[in-house]
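Okay, everyone, let me put the model up. I'll talk about overall shape to begin with, then charged side chains.

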Amino acid sequence: MTEEYCDCWEYEEPVSLPLIGDDAPEFEAQTTTGFVKFPADYKGKWVILFSHPADFTPVCTTEFITFATMQDEFKKLNAELIGLSIDSITSHIAWLKDIKDHVEYKGLKNVEIKFPVIADIKMEVAKKYGMLQPGASDTKAVRAVFMINPEGKIKAILYYPLSAGRNMEEIKRLLQALQVNEKDGVSTPANWMPGDDVVMGAPETFAGAQERDTWGSDGEKTVHSWFLVTKKQK
């Protein structure tokens with residue numbers, strides 16, 4: 001009896017994951033507020049592009065209500081919210097209507113979701129952004145957050161599992177930290193909050209380090225060491 005061999009291999013489609021500093025992958029999509037061409041339609045604005053596993057799910061509902069009540073706060077920071085899940089426009093609309101008409105959470109009710117929610121039933125956007133991860137689910141996007149600056153560059157990426165809801169205040173804080181970094185060319189220390197001292201860059205030469213040793217703390221800056229100097233935020 002002759003054995004038969006097959007030279008063919010089955011390959012799974014690789015997960016695409018854009019990196020910090022990359023151009024945000026472009027796409028066109030239908031949303032609950034109309035057609036969007038991304039990121040061209042958002043030039044000059046910060047964008048928080050986030051995915052959720054599915055419509056009509058409990059954790060996602062709490063996230064959407066929270067994001068919706070903070071939308072004006074994000075707008076004041078020149079930032080727009082865009083949601084996404086692997087669901088149809090009809091499903092999105094029905095879910096958002098149900099949230100407004102029936103759901104009360106932490107005293108919040110009649111909450112209208114005004115930011116766009118992308119319909120990605122073919123998973124095209126989710127795959128471009130690495131939101132679909134087979135180890136978590138083949139049909140649901142993980143809780144991804146992409147922070148994109150006004151020039152369309154990805155500045156931060158956050159990933160959460162399906163089971164853990166996101167901290168929206170932390171997302172806002174991170175946005176503010178990124179904006180301070182871009183505006184003033186400084187870094188932010190652990191647990192930084194707006195108004196706190198920021199961190200100056202460390203010297204990149206031996207001579208620069210020696211010069212730092214001659215610095216003293218004053219009303220504007222605090223010298224903790226030659227490599228760690230904090231100063232008042234502008």
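So, radius of gyration: the protein comes out at 22 Å, while a compact globule of 234 residues would sit near 17 Å. That radius is taken over C-alpha atoms, and the globule rule is 2.2 Å times the number of residues to the power 0.38. Along the principal axes, the C-alpha trace spans about 80 × 65 × 30 Å.

Quick caveats. This is a predicted model, with local features needing pLDDT of at least 70 and side-chain atom pairs counting only at pLDDT 80 or more, while totals for chains, interfaces and linings use all residues. Numbering runs from 1 along each chain as its sequence is written, and side-chain values use heavy atoms, with hydrogens and water left out.

On secondary structure, we have 6 helices and 12 strands; those are DSSP runs numbered from the N terminus, H or I of at least four residues for helices and E of at least two for strands. Of the 234 residues, 41% count as buried, where buried is under 20% relative accessible area, exposed is over 50%, and partly exposed is in between, with a 1.4 Å probe and protein chains only. The protein exposes about 13,500 Å², and carbon and sulfur atoms supply 52% of that. Those areas are Shrake-Rupley, 1.4 Å probe, and for residues only the protein chains shown count as cover.

Now contacts, meaning heavy atoms within 4.5 Å. Among contacts between residues at least 6 apart in sequence, 66% join residues at least 24 apart.

On to the charges. Side chains of opposite charge can pair when their charged atoms come close. The structure holds 12 salt bridges, each one a side-chain nitrogen of Lys or Arg within 4 Å of a carboxyl oxygen of Asp or Glu. One of them pairs Lys-153 with Asp-23, N to O at 2.8 Å. Lys-153 is in the loop between β8 (143–148) and β9 (154–160), and Asp-23 is in the segment before β1 (27–31), so this pair ties together parts that are 130 residues apart in sequence. Lys-153 is partly exposed at 32% relative accessibility, whereas Asp-23 is exposed at 52%.

Then there's Glu-80, which bridges to Lys-45 with the closest N and O atoms 4.0 Å apart. Glu-80 is in strand β4 (residues 79–85) and Lys-45 in the loop between β2 (34–38) and β3, 35 residues away. Glu-80 also meets Lys-75 in a salt bridge at 3.1 Å. Through shared partners, Lys-45, Lys-75 and Glu-80 form one network. Glu-80 is buried at 14%, while Lys-45 is partly exposed at 32%, as is Lys-75 at 40%.

And what does Asp-55 do for a partner? Asp-55 is buried yet has no salt bridge, and the nearest side chain of opposite charge, Arg-143, is 10 Å away. Bear in mind the charge convention: Lys and Arg are positive, Asp and Glu negative, and His and the chain ends are not counted. What Asp-55 does have is a polar contact with the side chain of His-92, at 2.8 Å. A polar contact here is a pair of N or O atoms within 3.5 Å; within protein, one must be able to donate a hydrogen and the other to accept it, and residues adjacent in sequence count only if both atoms are side-chain atoms. Asp-55 is in the loop between β3 (46–51) and α1 (58–69). Leaving aside neighbours within four places in sequence, Asp-55 is in contact with residues including Ser-85, Asp-87 and Trp-95.
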